[in-house]
Amino acid sequence: MGMFDRFLPKKKPVEIKNNIPKEKESIKKSFGVYCNKNHGTKGEKLCPKCTALLATVMTKMNRCPYGITKPICDRCEIQCFGEKNNKMFNEIMSASSTGMMFKHPIMAFKHKMASMSVDYSKSKQEKNEREKAEAKAKNAAEKAKAREEAKRKKEEKK
């Protein structure tokens, strides 16, 4: 403990936020926008097909293997809903994006920003992995070159 530590601000522990309730609300509203536009429903009512898919999505979100640290569903690598339901879910979410911008602009903006941050972190992670692989390959090449040079010098001495 230094002499000036008491004057410096204390480091706060990283706070993990539970984004599942916000994402559930966003998905419900997206389903409402999609169903109202494509299936002719009114208000918050959904057609039976959309209701069934929404129930499946909500159930699977509760059982998400990532827990409260889960990424946004359309950016997730795990297909929780099954191939058919996942395709339909992604279709609904992409079709309702413009409607969400008009009916719920703040929610749509926050969702878009969250998806962009996931994309950014994935690209950064891939870049780090690429750099590690390149460094590893370069290091292996340098070692091989050094071994060959040492072998050549040893042969010259003989």
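Biologist: Is cysteine 35 buried or exposed?
Modeller: Keep in mind that this is a predicted model. Cysteine 35 sits in α1, where it is listed with the buried residues, including Phe31 and Tyr34. Its relative accessibility is 0%, so cysteine 35 counts as buried.

Biologist: How many disulfides does the search of the whole structure find?
Modeller: Take cysteine 35: its closest cysteine sulfur, in cysteine 47, is 3.6 Å away, and a bond needs the two sulfurs within 2.5 Å, so that is too far. Cysteine 80 is in no disulfide either, with the nearest cysteine sulfur, in cysteine 64, 5.2 Å away. For the whole structure, the number of disulfides found is 0.

Biologist: Where is cysteine 50, and which residues does it contact beyond its neighbours within four places in sequence?
Modeller: Cysteine 50 belongs to helix α2, and at 2% relative accessibility it counts as buried. Its C-alpha is 8.7 Å from that of glycine 32, 18 residues apart along the chain. Leaving aside neighbours within four places, cysteine 50 is in contact with Phe31, Tyr34, Cys35 and His39.

Biologist: Let's zoom out. What pattern does the protein chain follow along the sequence?
Modeller: The protein chain has 5 helices and 0 strands. Read along the sequence, that gives the pattern α-α-α-α-α.

Biologist: What radius of gyration does the protein chain have, against that of a compact globule of 158 residues?
Modeller: The C-alpha atoms fill a box of roughly 90 × 55 × 30 Å along the principal axes. Buried residues make up 23% of the 158 residues. A compact globule of 158 residues would have a radius of gyration near 15 Å, but the protein chain has 26 Å.

Biologist: How far apart are the end C-alpha atoms of helix α5?
Modeller: Helix α5 covers residues 105-157, which is 53 residues. At 1.5 Å a residue, the helix should span 78 Å, and the model agrees, because the end C-alpha atoms are 77 Å apart.

Biologist: Which residues of α5 are buried?
Modeller: What covers the buried residues of α5 includes α4. Those buried residues are Ala108, Ser115 and Val118.

Biologist: What covers the buried residues of α1?
Modeller: α1 has 19 residues and reaches 26 Å from its first C-alpha to its last, close to the 27 Å expected. Among its buried residues are Ile20, Ile27 and Val33. What covers them includes α2, α3, α4 and α5.

Biologist: Which residues is valine 57 in contact with, leaving aside its neighbours within four places in sequence?
Modeller: Valine 57 is one of the residues with the most contacts inside the largest nonpolar core. Leaving those neighbours aside, valine 57 is in contact with Ile27, Phe31, Phe81 and Phe89.

Biologist: What about glutamate 15, buried or exposed?
Modeller: Glutamate 15 lies in the segment before α1. Its relative accessible area is 65%, and the cut-off is over 50%, so glutamate 15 is exposed.

Biologist: Last one: which element has the highest mean pLDDT?
Modeller: The protein chain has a mean pLDDT of 86, with 97% of its residues reaching 70 or more. Among the elements, α5 has the lowest mean, 88, while the highest, 92, belongs to helix α2.

Definitions and conventions. Residues are numbered from 1 along each chain as its sequence is written. This is a predicted model: local features need pLDDT of at least 70, side-chain atom pairs count only at pLDDT 80 or more; totals for chains, interfaces and linings use all residues. Side-chain values use heavy atoms; hydrogens and water are left out. Helices (H or I, at least four residues) and strands (E, at least two) are DSSP runs, numbered from the N terminus. Buried means under 20% relative accessible area, exposed over 50%, partly exposed in between (1.4 Å probe, protein chains only). The expected span of a helix is 1.5 Å times one less than its number of residues. Contact means heavy atoms within 4.5 Å. pLDDT is the predictor's confidence in each residue, from 0 to 100. A nonpolar core is a set of buried Ala, Val, Leu, Ile, Met, Phe, Trp, Tyr and Cys residues joined through side-chain atoms within 4.5 Å. The radius of gyration is taken over C-alpha atoms; the globule rule is 2.2 Å times the number of residues to the power 0.38.
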